[in-house]
Amino acid sequence: MTAPRSDFLRVLQERGFIHQCTDMEALDQRALEGSVAAYIGFDATSDSLHVGSLVQIMMLRWLQKTGHRPIVLMGGGTTKVGDPSGKDESRQLLSTAQIDANIAGIRRAFENLLSFDDGATGAAMVNNADWLDRLQYIDFLRDIGPHFTINRMLTFDSVKLRLDREQPLTFLEFNYMILQAYDFLELSRRHDCTLQMGGSDQWGNIVNGVELGRRIDQRALFGLTTPLITTASGAKMGKTAAGAVWLNEDRLSHYDYWQYWRNTEDGDVGRFLRLFTELPLNEIARLEALAGSEINEAKKILADAATTLCRGAAAAAEAAETARQTFEEGRSAEGLPSIDVPQGELSDGVPAYELLRRAGLANSNGEARRLIKGGGGRLNDIPIRDELQNVSLADRNDEGVIKLSAGKKRHVLLRVI
């Protein structure tokens, strides 16, 4: 198709967000005619989302910035079922209280990225438990069930993956795709929502909702997906050796969040600037053309901009200054992540490998030992020579803390309590 005329789709296309759309030209026309309400669903399996969800959140942000209304659908109901998409096994079922607590935690990140005001484009956060918990099962099956065939459901990747690997797929999970389609129908009725967005792994589920709205309400609905976001080396977005890159600051420090973006691979800088910042495209083109050591300046700009969006300008400035002090001045800056260690433990000494694990710089004692053997473990910026070396109170520096490092870029302070 020709370049989109609506600001919303034009921005998404220029910045690399669009993978598939059920009817791009009709959606473009709809966006030109007036405000569009669009939603993305998030299951509440944790009290924070991670960077892997950020590309979808940025779509909602651009939706709002171009004059439309974003709806964040929290899966208070569907989380009780579990989305089988991309999963080899069933999820652990959570209680209603756990789900509610997770939704409260997730909302905190959205409040930094979307405006939840009373205006025409004010974001809304809704919970599908509001309608799913009230369903009368037999009535639901009679009204909605005839619009889905087992033949077609068996062709979806989320089902085929389990069957091909001979992993159990429960009847509970098998219902997930019907419930997600029903969510779209309910949102179109309750909030005049005409667009569902999501990752490419949700394409089949989104198409189900589009078709359900057409069959039952004769309503023109649309679906739009993003490409699967991986790093230049093929790694999954939002995961590191130390674990998930959480959006909430109580799950990941400002410094570690900033540092994640600072460590972006050279080949990803331009793409990530387009997806995860709001810098002008001509500025991004200049930055991604930098080569050699100059690309590091582009990475710092990416880290500053991405952290400012999610955590705020003060957090970005704090993290950047911590990085400057740590790497340019070699100091144990206050902004580094820290853990508390009881004084009594350090009086007798604790093996360095154990503290590396406890600090999150290694996933296991074995990994920490290998880190030390490979020369990557450091104590107060000095390589740890012996994997059995103990860390004690005598290792406190002039600031009264102990600095542990894994390589040159990951650091944690041990604070004696």
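In the predicted model, the secondary structure of the protein comprises 19 helices and 15 strands. The radius of gyration is 24 Å, which lies close to the 22 Å given by the globule rule for 417 residues, so the protein is as compact as a globular protein of that length. Taken along the principal axes, the box filled by the C-alpha atoms has dimensions of roughly 75 × 50 × 40 Å. Of the 417 residues in the protein, 49% are buried. When contacts between residues at least 6 apart in sequence are considered, 74% of them are found to join residues at least 24 apart.

Within this arrangement, the pairing of helix α13, which spans residues 269-276, with helix α14, which spans residues 281-288, was examined in detail. The axes of these two helices come within 9 Å of each other and cross at roughly 160°; because angles over 145 degrees count as roughly antiparallel, α13 and α14 are therefore assigned a roughly antiparallel relationship. The crossing of α13 and α14 is right-handed.

On the α13 side, the contact is formed by Gly270, Leu273 and Arg274, and these residues meet Leu281, Ile284, Leu287 and Glu288 of α14. Classified by residue type, the contact of α13 with α14 contains four nonpolar residues, together with one polar and two charged residues.

How values were computed. Residues numbered from 1 in each chain as written. Predicted model: local features only at pLDDT ≥ 70, side-chain atom pairs only at ≥ 80, totals over all residues. Heavy atoms only, no water. Axes fitted to C-alpha atoms, helices over the stretch in contact; angles between N-to-C directions. Helix = DSSP H or I, 4+ residues; strand = E, 2+ residues; numbered from the N terminus. Parallel < 35°, antiparallel > 145°, perpendicular 65-115°, else oblique. Left-handed = near helix turned anticlockwise from the far one by under 90°. Contact = heavy atoms within 4.5 Å. Nonpolar A, V, L, I, M, F, W, Y, C, P; charged D, E, K, R; others polar. Rg over C-alpha atoms; globule rule 2.2 N^0.38 Å. Buried < 20%, exposed > 50% of the residue type's maximum accessible area, 1.4 Å probe, protein only.
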